[in-house]
Amino acid sequence: KDQIQENPEGFLAKNMREYKPWAFETGGSTGKPLRFYNDRISDIMESAFVWRYRTWAGYTPSDKQVIMRYKMDFPTCKESEAPGVQDNNILYLSAFHLKDANLNDYITKVRKFQPKTIYSFPSTLYVLARYMLTERISPVPGLKSITTSSETLFPHFRKTIEKAFGAKIYDWYGSNEGVISAGECSEGRLHINSEYGLIEVVDNNGNPIQQGEAGIVVGTSFNKFAMPFIRYSLGDRIILSNASCSCGRGLPLIESLEGRLDDLIVTKDGRFVGRLDEAFHD
């Protein structure tokens, strides 16, 4: 990331204009934002892999769905109301306005809409799920699946959300930089879309690690042509698996997502201490 930030022009393809590029900037949640270019091909391929993963969850375009992934401002919205808007068979609810005063309205709107699927940040659903369990609100009727992405889905998040909403979660792991793409199947295993890019797992010095050990993800995209990312370090730590999945898909598996490098404590002797969230569980 540092190399791209220091010399972005050096990473642009000479014929980048052929691919109709458009600028993208990360949020900078773990430091300085990264500005780079996506292109028409990468955009199409990204959509294709997301659609494949969502069909694993049983989703079809005709299904009614609730999406809670965006910030939506409605100045006239009361303190007790959940900001949102319906567009045909999709109900958009703001993921950034959760508060004690309007949690009941969030749940009321979701239940009244009767979606077949929900697409959201894990943390958003976790807040709503805890409220539902505390208030003894029954699961959403007719809900058949939940898809989550963009955040770590902690084990107790999954357990609480699935219990409250009454549906199975299918988690997605990807990156804005477009170098890795992986989705969960019906067996709960995380499959890497190997047509999307090449994944390596290395130690702190960039050396390959043994199978089954946690390491840093390095990805090379197969679908970015305007501004290719080659051996790009994501800053995430994962464990790969050489097992096969009972779902029958031949795609390689991720055994465990250990979290972002930025979320770990590094000891004096170079060890990584992660999963700190578990220390505060319950």
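Which residue is the bridge partner of V202 in β12? The partner is I216. The structure is a predicted model, in which local features need pLDDT of at least 70 and side-chain atom pairs count only at pLDDT 80 or more, while totals for chains, interfaces and linings use all residues. Residues are numbered from 1 along each chain as its sequence is written, and side-chain values use heavy atoms, with hydrogens and water left out. Helices (H or I, at least four residues) and strands (E, at least two) are DSSP runs, numbered from the N terminus.

**Strands β11, β12 and β13**

- Strand β11 (residues 197–202) pairs with β12 in the antiparallel sense over six bridges; two strands pair if DSSP finds at least two bridges between them.
- Strand β13 (residues 232–241) is joined to β12 by four bridges, and these two strands run antiparallel.
- I216, the partner of V202, has R237 as its bridge partner in β13.
- V218 has S233 as its bridge partner in β13.
- Seven of the seven residues of β12 (residues 215–221) are buried, so this strand is largely enclosed by the rest of the structure. Buried means under 20% relative accessible area, exposed over 50%, and partly exposed in between (1.4 Å probe, protein chains only).
- β13 is mostly covered, with eight of its 10 residues buried.

**Nonpolar cores**

- The largest nonpolar core has 27 residues, of which V66, M68, I118, I146, I161 and F165 touch the most other members. A nonpolar core is a set of buried Ala, Val, Leu, Ile, Met, Phe, Trp, Tyr and Cys residues joined through side-chain atoms within 4.5 Å.
- At least two residues of this core come from each of β3 (65–70), β5 (90–94), α3 (103–113), α4 (122–134) and α5 (155–165).
- α4 gives the largest share of this core, six residues.
- A second, separate core of 18 residues includes I4, L190, F229 and Y232.
- Not counting residues up to four places away in sequence, F165 touches I118, L125, L128, A129, M132, P139, V140, L143 and I146; contact means heavy atoms within 4.5 Å.

- The buried residues in α5 are H156, F157, T160, I161, A164 and F165.
- Seen down the axis of α5, its buried residues fall within an arc of 135°, so they line one face of the helix. The arc is that of the directions from the helix axis to the C-beta atoms.
- K159 and K163 are exposed on the other side of α5.
- β6 (117–120), α4, β7 (145–148) and β8 (168–174) are the elements against which the buried residues of α5 pack.
- G166 follows α5 and has a positive phi, near 75°.
- In α3, L103, D105, Y106, I107, V110 and F113 are buried, and the buried residues of this helix pack against β3, β4, β5, β6 and α4.

**Aromatic rings and charges**

- There are 12 aromatic pairs. Rings of Phe, Tyr and Trp (its six-membered ring) pair if their centres lie within 6.5 Å; planes under 30 degrees apart count as stacked, over 60 as edge-to-face and the rest as tilted.
- The F154 and F157 rings have centres 5.4 Å apart and planes at 80°, so this pair is edge-to-face.
- F157 counts as buried, at 10% relative accessibility.
- One aromatic cluster is formed by W22, F24, F36, F229 and Y232.
- K64 lies over the face of F113, 4.4 Å from the ring centre, and the charged end of R249 sits over the ring of W56, 4.3 Å from its centre. A charge sits over a ring if NZ of Lys or CZ of Arg is within 6 Å of the ring centre and within 35 degrees of the ring normal.

**Loop residues**

- S80 is found in the loop between β3 and β4 (84–87) and is partly exposed, with a relative accessible area of 41%.
- Leaving aside neighbours within four places in sequence, S80 is in contact with A101, N102 and D105.
- The C-alpha atoms of S80 and N104 are separated by 8.2 Å, with the two residues 24 apart along the chain.
- K20, in the loop between α1 (2–6) and β1 (22–25), is a residue other than glycine with a positive phi, near 50°. K20 is exposed at 57% relative accessible area.
- S150, in the loop between β7 and α5, also has a positive phi, near 80°, and is exposed at 53% relative accessible area.
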